[in-house]
Protein chains: 2
Amino acid sequence: MINVAVLGFGTVGSGVVELIDMNKEHIASKLENQLNVKYILDIRDFPDSPYKDKFVKDFSVIENDPDIKVVAEVIGGATFAYDYTVRALKAGKSVVTSNKELVAQKGYELLELAKANNVNYFFEASVGGGIPLIRPMHRCMAANEITKFFGILNGTTNYILTKMIEENVAFSDALKNAQDLGYAEADPTADVEGIDACRKMCILASLAFGNHVYPKDVYAEGITKISLEDVAIADECGFSIKLIGQGENYGKNKKVMVAPALVPHDSLLSGVKDVFNSVLLQGNAVGDVFLSGRGAGKLPTASAVVADILDAAKHFEFLKGWGWQDEIPGSVLTQEELCSPWYIRVKNSKEDVLNLYPDADIVYNENGVIGALLEKDLNKNHYAKFEKLNVLSNIRILEL
Amino acid sequence: MINVAVLGFGTVGSGVVELIDMNKEHIASKLENQLNVKYILDIRDFPDSPYKDKFVKDFSVIENDPDIKVVAEVIGGATFAYDYTVRALKAGKSVVTSNKELVAQKGYELLELAKANNVNYFFEASVGGGIPLIRPMHRCMAANEITKFFGILNGTTNYILTKMIEENVAFSDALKNAQDLGYAEADPTADVEGIDACRKMCILASLAFGNHVYPKDVYAEGITKISLEDVAIADECGFSIKLIGQGENYGKNKKVMVAPALVPHDSLLSGVKDVFNSVLLQGNAVGDVFLSGRGAGKLPTASAVVADILDAAKHFEFLKGWGWQDEIPGSVLTQEELCSPWYIRVKNSKEDVLNLYPDADIVYNENGVIGALLEKDLNKNHYAKFEKLNVLSNIRILEL
């Protein structure tokens, strides 16, 4: 029997325990052994839980139990989760996690610590929830240089944008609706401001490029300023507006960023709706690989956590070698240094726009408002030109 | 240094050797060791190849070289490939392959043989070319019962159908075009008759359901009878025609089959064009997972083969436990036992159709020809009704 401890009994933690129960026989056949949740750590009491005998409040019980070979950290945040992860790894236990904040902030340190203690630190659930993403990137595409990747990494904002696009619901109402359905938290900042997607991009970029990319270096812009006017104009010209994470390897320098973008209707990414997440990976041998699925939710995320538990249990004392080197300061380009085509909506005349952008494609012209698609240029140059216009909105256009 | 042998220097084999060269440093960093192609086995001579010193004609050279820990079998077919695979496994070498015919026919036997010899037999490249598919299904979705899966598993036929749909080119001309571009072979039978897709479905079904499914038990219908009339009518009602493999777990019984199907325009699968392949997997925890990419071609397929080589090299003498049990005879349902909604085009009156199918949706009615969408029923009942009509064509409708 393989004994594991689950740290945190929130949405994901309770999903992990439930899934191990639900698919008991199937999991045993995959593992060629029984999988048993021996402890659940939570500061709260759950007197009515069928698992009530498993609860502990003191991490040292888990830390000091040699029976526990694998710990699932699904607390979230970077305080207790960090402390327990360090202690578990030092105690020679493999740790699996869904905690994108912790991996984005401390991934390099924790992966090194795992290696030093001859155990594994897995985080398949930290990006894209249940979508197979980290292993496909790290293992199945192992023979490829990953040249570029981009995608939809936050289900809450994709749900809100889908509502705006398909039902003409304004941002604030769509957010309220997402909150009512439990897709958005009471404080939605991390989702709608792009912070959550930024953490996930840091993890993917670290894995793809081989050096840790920290959130502090990654530009993240959310969707709070997206208006129904922009959604409608974009739709007219053949685009959906999506919150897109983008990574690209330019050799010494890298693009890693999160911002709304116009995505062509005929791309697979444009068809990704509601809370679904999707990533397109470009490898220098395989070409484009597109992965899509539920990026959040109790059982989808638990699916990835339990897969990691099984892998960690199978590979106990066998290092899988997930990891990357420390950051290369200055390697992530700033927005000013990057190039992009843009869409703008401005309160100017057509001539004002064409004077600055002779090749602009004017796609909207009503009531003194101009919508235009602008050619690719250094963002620095775009920003200088935007200063000369009365800009109502400006959104990047994704280059596939 | 890890030494490998590549069996067969055709499209895939030359791609494997080229890729190991092209991404040498990247591969060494992933493997934490150098990867070296020591032998290439081929009956032909390649006097001008930069790898000419590596060629051997006698498999026993490879078989008897203890330096060789991993063999890549990319010969294809089930004769020499089978013999060499058996001998390599018995000699204690892990084998990786892109050979769907061999895995579909002999997978259970070869996986058992690998286990008995404490080595691995990997076949990521055998289904979906470069798409991460086998590992995501087996590892990332390990905690899930796979309830259902379906997709586009043959790039040649998807290219032909895309041409028919988008450019109104008849089947025979689209096939000719595919042959000119090297997407279809001189004898296209295995592709256009669904035999290739059937082999891939057998592998996915064996892995998903845990018991070997052999090609002899799987209904396979190709695309040779698809007409431009059907393509146009389907398009009018919101469908694309695709060659679809379908698997579903009904407990004791399974659906495993390949046939053309009408796929709704608003599904991701409908947007998969040209030589791309895609599979949608449904897990009982994760829900829908959609994977897409290049299903064939030199470097995409080599990408998957080399990933397997790296995994096999890392896991030498560590069994990964890929595999399944032997077949359960009679578990795969026949077409008569399955249910489906259908599309038909018949030379009958509207009344003839409505007499047999009172709920039919008549979507075409010109020059004495009726096109109709028929409700779901046992195929056996459909077949009996089709006998009473003058059927020009009949195509299943995919249920998502």
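**Exercise 1.** Is B:Glu221 buried, exposed or partly exposed? Determine this, and then describe the salt bridge in which B:Glu221 takes part.

Solution. This is a predicted model, and the values that follow are computed from it. The relative accessible area of B:Glu221 is 23%, so B:Glu221 is partly exposed. Its partner in the salt bridge is B:Arg396, with the closest N and O atoms 3.4 Å apart. The pair links distant parts of the chain, since B:Arg396 belongs to strand 16 (residues 391-397) of chain B while B:Glu221 is in the loop between strand 8 (219-220) and helix 11 (228-236) of chain B, 175 residues apart. B:Arg396, with a relative accessible area of 3%, is buried.

**Exercise 2.** Work out how the salt bridges A:Glu112 with A:Lys115 and B:Arg87 with B:Glu63 are placed along their chains.

Solution. Begin with A:Glu112 and A:Lys115, whose closest N and O atoms are 3.9 Å apart, which falls within the 4 Å cut-off for a salt bridge. Because they are three residues apart in helix 5 (residues 100-116) of chain A, about one helical turn separates A:Glu112 from A:Lys115. Both ends are partly exposed, A:Glu112 at a relative accessible area of 30% and A:Lys115 at 49%.
Turn next to B:Arg87 and B:Glu63, whose side chains meet at 2.6 Å, N to O. Here the pair links distant parts of the chain, from helix 4 (residues 80-90) of chain B, which holds B:Arg87, to helix 3 (residues 59-63) of chain B, which holds B:Glu63, 24 residues apart.

**Exercise 3.** Classify the aromatic pair A:Phe59 and A:Tyr84, and then the pair A:Trp342 and A:Phe386.

Solution. The search of the whole structure finds 25 aromatic pairs over all chains. For A:Phe59 and A:Tyr84 the ring centres are 4.6 Å apart and the planes are at 20 degrees, so this pair is stacked. A:Phe59 is buried at a relative accessible area of 2%, and A:Tyr84 is buried at 12%.
The pair of A:Trp342 and A:Phe386 is edge-to-face, at 5.3 Å centre to centre and 80 degrees between the planes. Because A:Trp342 lies in strand 13 (residues 339-346) of chain A and A:Phe386 in helix 14 (residues 379-387) of chain A, the pair ties together parts that are 44 residues apart in sequence.

**Exercise 4.** What rotation superposes chain B on chain A?

Solution. The rotation is 180 degrees with 0.0 Å of shift along its axis, at an RMSD of 0.0 Å. The two copies are therefore related as by a two-fold rotation axis. In chain B, the C-alpha nearest the axis belongs to B:Leu291, 2.4 Å from it.

Technical notes. Residues numbered from 1 in each chain as written. Chains lettered and ligands numbered in written order. Predicted model: local features only at pLDDT ≥ 70, side-chain atom pairs only at ≥ 80, totals over all residues. Heavy atoms only, no water. Phe/Tyr/Trp six-rings, centres within 6.5 Å; stacked < 30°, edge-to-face > 60°. Buried < 20%, exposed > 50% of the residue type's maximum accessible area, 1.4 Å probe, protein only. Helix = DSSP H or I, 4+ residues; strand = E, 2+ residues; numbered from the N terminus. Least-squares fit on C-alpha atoms with pLDDT ≥ 70 in both.
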